[in-house]
Amino acid sequence: MTVVNMKKLSSATMMADNVRHTFFEDVYAFVIGCSMISLGLLCLHTANLVTGGVAGISLLFSYLIPVSPGSLFTYINIPFLLFSVWAMGKVFTFKTSIASVTITIMTKFLPDLIVIKTLNPAFAAIFGGTIIGMGILSLARHRAGVGGTGVITLWLQKKYKINAGKTQMIIDTTIMFVSLLVLPGKLVIFSALSAAALSGVMIVFYRPDRYLG
């Protein structure tokens, strides 16, 4: 690479570092991200599946106690959000808290807007996991998260350059093993497929070094 090209690359990188999303862009990304996550949760819950991260934990507990996945999503998030204040900063935590509450509200009212009577578990696993992953990606690119284990994975990537998707896959594997205590083996296999789809989105697409904006 020539000196001129290196200077151009350095200049482009500096310009990219100064680019920040507008307030409208953040709000729009939040609406899209939270909607995707809520829809993914609805699909998985309809098929009696779980997935990775805090979404999977909330789904798993919803099969044990009479509390909606959306409400559990918020309750489980509380200790992770407290950790987030120290690990990721107040701005990230504030945005993540808003996302968490928004997802809770959306999952409460979404079944009244979309009625899904039956859903093939294989489709629910792949589609549900993927769309949740895309929702998390939308939030992550706007310096926010959904809380839970996502805070841990994003912090590890920020602090130690450990890929968030790979860390999430390790956490999700643990969740799948625990799910065997609650769900039939067949459903756990489909749930593992869902978790893989979710983590796959983060592994392939969450690359801050490639993302400008």
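At what angle do the axes of helix α2 (residues 23-46) and helix α5 (residues 90-113) cross? They cross at roughly 45 degrees and come within 9 Å; α2 is therefore oblique to α5. This is a predicted model, in which local features need pLDDT of at least 70, side-chain atom pairs count only at pLDDT 80 or more, and totals for chains, interfaces and linings use all residues. Residues are numbered from 1 along each chain as its sequence is written, and side-chain values use heavy atoms, with hydrogens and water left out.

**Helix pair**

- Helices are DSSP runs (H or I, at least four residues) numbered from the N terminus.
- Axes are lines fitted to C-alpha atoms over the stretch in contact, with angles from 0 to 180 degrees between N-to-C directions.
- Oblique covers what is left after under 35 degrees (roughly parallel), over 145 (roughly antiparallel) and 65 to 115 (roughly perpendicular).
- The crossing of α2 and α5 is right-handed (the near helix is turned clockwise from the far one by less than a right angle).
- Residues in contact (heavy atoms within 4.5 Å) include Phe30 and Leu41 of α2 and Ile98 and Met106 of α5.
- By class, this contact of α2 with α5 has 13 nonpolar, four polar and two charged residues (nonpolar: Ala, Val, Leu, Ile, Met, Phe, Trp, Tyr, Cys and Pro; charged: Asp, Glu, Lys and Arg; polar: the others, Gly among them).

**Cavity**

- The count comes to one cavity of 30 Å³ or more (points on a 1 Å grid over the protein atoms alone where a 1.4 Å probe fits but cannot get out; lining residues have an atom within 4 Å of a point).
- The largest cavity has a volume of about 190 Å³, the space filled by probe spheres set on grid points joined across faces, edges and corners.
- Of its 20 lining residues, the closest to the centre are Ile136, Val146, Gly150, Gln168 and Leu198.
- Helix α7 gives the largest share of the lining, five residues.
- The lining of the largest cavity divides into 12 nonpolar, eight polar and no charged residues.

Notes. Helices (H or I, at least four residues) and strands (E, at least two) are DSSP runs, numbered from the N terminus. On a 1 Å grid over the protein atoms alone, a cavity is a set of points where a 1.4 Å probe fits but cannot get out, and a pocket is an open set with protein on both sides within 12 Å along at least five of seven lines; lining residues have an atom within 4 Å of a point.
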